[in-house]
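Please keep the sequence and the structure in view.

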Amino acid sequence: MTVNHQERRARLAAMLPAHEVEAMLVTSAVNVRYLTGLASSNAAVLIRADGSALLVTDNRYIDKTHGLDVEAVEASDVAGELAAPGVGIEAASMSVATYHRLGAGLVPLEPLVERLRAVKDDDELELLRTACAITDQAFADIIRTIGPGVTERDLARLLDARMIELGADKPAFETIVAAGENGAVPHHAPTDRELRSGDLVTMDFGALYQGYHADMTRTVSLGEPAAWQREIYELVAQAQRAGSLAVLPGAEAKQVDAASRDIIKAAGHGDHFRHGLGHGVGLEIHEEPFLGPSRTGRLEDRVPITVEPGVYLPGRGGVRIEDTVVTRGGGAELFTKTTKELLVL
């Protein structure tokens, strides 16, 4: 795929006059990659209001700049090479120590590149679609291995290995497997706890493919679920459907969250849904926009975002169901397509 990084830089450049700067110093590694195509651990790029740019990296990565559509030079102090009074900086990602080291006159700016990154182009959507397809297939391939005696850690390793076998660069984040009472912890780290008959088992995982992160959660039942387990599963499934239907261009972030949260509250489980409804995905696993009760802003078209309500009952267990979806005018496009019916294994 041929990504038009110059067009991305031009869109950023067009934003700078409104912030009263003639140039912006971008030091976040993921934002440098987005604007230039260079993936590295030490690079910075200066974007000028006239659309021109200068990329700086050290001798480990300078050869990787050959063929990029941006002027590049080598230096060890990449930010210092570009910093100057009046230049805008990424206030959300630059450390205080670096800010003071670079000298006076720098202008802290809001997350402008992150705002651009939220809306994906065709190439990005295709990469994310592939990451989600790998995630779906990995789940389908390992489902038959889920059963009593398998540990949470074993199952997480199986998911991770299968995603890589299917073409993922690596897992998009540390895979979560939470069985039984551990399902009450939203970000439980897998342990040697064995799966047992009667457990609900929550799996939150995703593939990283050419820099783009998939994210999906499914909860299954080992054996016929108890009445309370089926009740909270059906509640979360209903809330997840409502949240997905609310993902539309122009929708307020807090209203999308409310579409799911109000259903869970009405059922008496408001205190058992303790996180935001979702987050953007792309070059990072958590990126703009975010869905939550106090989040501001509206969704735009072509924004991949997760919808992941949950109910967590301390000491008993929990359910979370999550899809990666993309905002579209006619309704959200589903990227993770594994069934959300309660699977009884």
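L16 sits in the loop between α1 and β1. Helices (H or I, at least four residues) and strands (E, at least two) are DSSP runs, numbered from the N terminus. This is a predicted model: local features need pLDDT of at least 70, side-chain atom pairs count only at pLDDT 80 or more, and totals for chains, interfaces and linings use all residues. Residues are numbered from 1 along each chain as its sequence is written, and side-chain values use heavy atoms, with hydrogens and water left out.

**Around L16**

L16 counts as buried because its relative accessibility is 0%. Buried means under 20% relative accessible area, exposed over 50%, partly exposed in between (1.4 Å probe, protein chains only). L16 and A49 are 33 residues apart in sequence, yet their C-alpha atoms are 6.0 Å apart.

Contact means heavy atoms within 4.5 Å. The table leaves out residues up to four places away in sequence.

| Residue | Residues touched |
|---|---|
| L16 | V21, E22, A23, M24, I47, R48, A49, L112 |
| M24 | L12, L16, V45, L46, I47, V87, G88, E90, L109, L112, V113 |

**Cores**

A nonpolar core is a set of buried Ala, Val, Leu, Ile, Met, Phe, Trp, Tyr and Cys residues joined through side-chain atoms within 4.5 Å. The largest has 26 residues; L12, M24, V26, L35, V45 and I47 have the most contacts inside it. Two or more residues come from each of α1, β1 (23-26), α2, β2 (43-48), β3 (53-57) and α5 (112-118). Helix α2 gives the most, four residues. Apart from this core lies another, of 24 residues, including V256, L291, V311 and L342.

**Helix pair**

How do α1 and α2 cross? The axes of α1 (residues 5-15) and α2 (residues 29-36) come within 6 Å and cross at roughly 115 degrees. Axes are lines fitted to C-alpha atoms, for helices over the stretch in contact; angles run from 0 to 180 degrees between N-to-C directions. From α1, H5, R8, R9, R11 and L12 meet R33, Y34, L35 and T36 of α2.

**Sheet**

Strands β8, β9 and β12 form an open antiparallel sheet in the order β8-β9-β12. Two strands pair if DSSP finds at least two bridges between them. The edge strands, β8 (176-179) and β12 (216-221), each pair on one side only. Six bridges join β9 (residues 200-205) to β12. L200 has S221 as its bridge partner in β12. Helix α6 (residues 122-142) packs on the sheet and touches β9 and β12; its direction makes about 15 degrees with that of β12.
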